[in-house]
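Thank you all for making time this morning.

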Amino acid sequence: MPRPSEPTRERIVQAANSLFYSEGIRRVSVDEVAAKAGLTKRTLYYHFKSKDDLVAAYLAARDQPNLALFRKWFAEAEGRLPVKVEAIFKNLARSARHPKWKGCGFLRTSAELANMPGHPAIRIGAAHKKKFEDWLRATFAEHGIADPLKLARQIMLLLDGSFAVVLLHRDASYMETAGEAARTLIETAMGKPRRKRG
């Protein structure tokens, strides 16, 4: 149960995070979120106009912690750039071996809302993925890689593809294989001379 001292809105978002991530957004009712937060449904609706707003808040709350965790894994890894990016995949594989792991909350939510492209949660999920892509692009540019955006997108495809396949097969080694492919792509890109402009 949440501590009474926690702000009410935060308690609701934490309850939503726990339930939506483990069960999916369509299977969880507002009543269940309110009960888990130890509040009435009326109190929940005081803070959130609708379930859609609550789903958006759930994803927004995951945004910065997830990005910070990826950067931490990158920073803590010893070695050159290819190894540091591969470390993100290795750490995700370790997380994926936990019995409560349910994949990427952003991707799962977008799949559940595939017929609602204008949903605020879809926009939040897309923005989250774009932030990670932009961070990769900037990192690759700092290392003198000739086409940092293309490489960042290739790594994103490996990452999100591995999320999907690991969730399907329940085999985290796919994440590690994707990390090896990412390392190879980066090594290859770093070996190419940067084209001069002009």
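Predicted model: local features only at pLDDT ≥ 70, side-chain atom pairs only at ≥ 80, totals over all residues.

Let me begin with helix α5, whose buried residues are Leu81, Pro82, Lys84, Val85, Glu86, Ala87, Ile88, Phe89, Asn91, Leu92, Ala93 and Ala96, where buried means under 20% relative accessible area, exposed over 50% and partly exposed in between, with a 1.4 Å probe and protein chains only. Residues are numbered from 1 along each chain as its sequence is written, and side-chain values use heavy atoms, with hydrogens and water left out.

Helices here are DSSP runs of H or I with at least four residues, strands are runs of E with at least two, and both are numbered from the N terminus. Because 12 of the 16 residues of α5 are buried, this helix is largely enclosed by the rest of the structure. What covers those buried residues includes α4, α7, α8 and α9, contact being heavy atoms within 4.5 Å.

Turning to α9, residues 173-191, we find buried positions at Met175, Ala178, Gly179, Ala182, Ile186 and Ala189. They cover an arc of only 105 degrees around the axis, which puts them on the same side of α9; the arc is that of the directions from the helix axis to the C-beta atoms. The cover over these residues includes α5, α7 and α8.

How many residues does the largest nonpolar core have? There are 56, and those with the most contacts inside this core are Phe20, Val33, Val85, Phe132, Phe140 and Ile155. By a nonpolar core I mean a set of buried Ala, Val, Leu, Ile, Met, Phe, Trp, Tyr and Cys residues joined through side-chain atoms within 4.5 Å. The elements giving two or more residues to this core are α1, α2, α4, α5, α7, α8 and α9, and α4 gives the most, with nine residues.

Leaving aside residues up to four places away in sequence, Ile155 touches Val85, Phe89, Leu136, Phe140, Ala182, Leu185 and Ile186. Leu136, for its part, lies in helix α7 and counts as buried because its relative accessibility is 1%.
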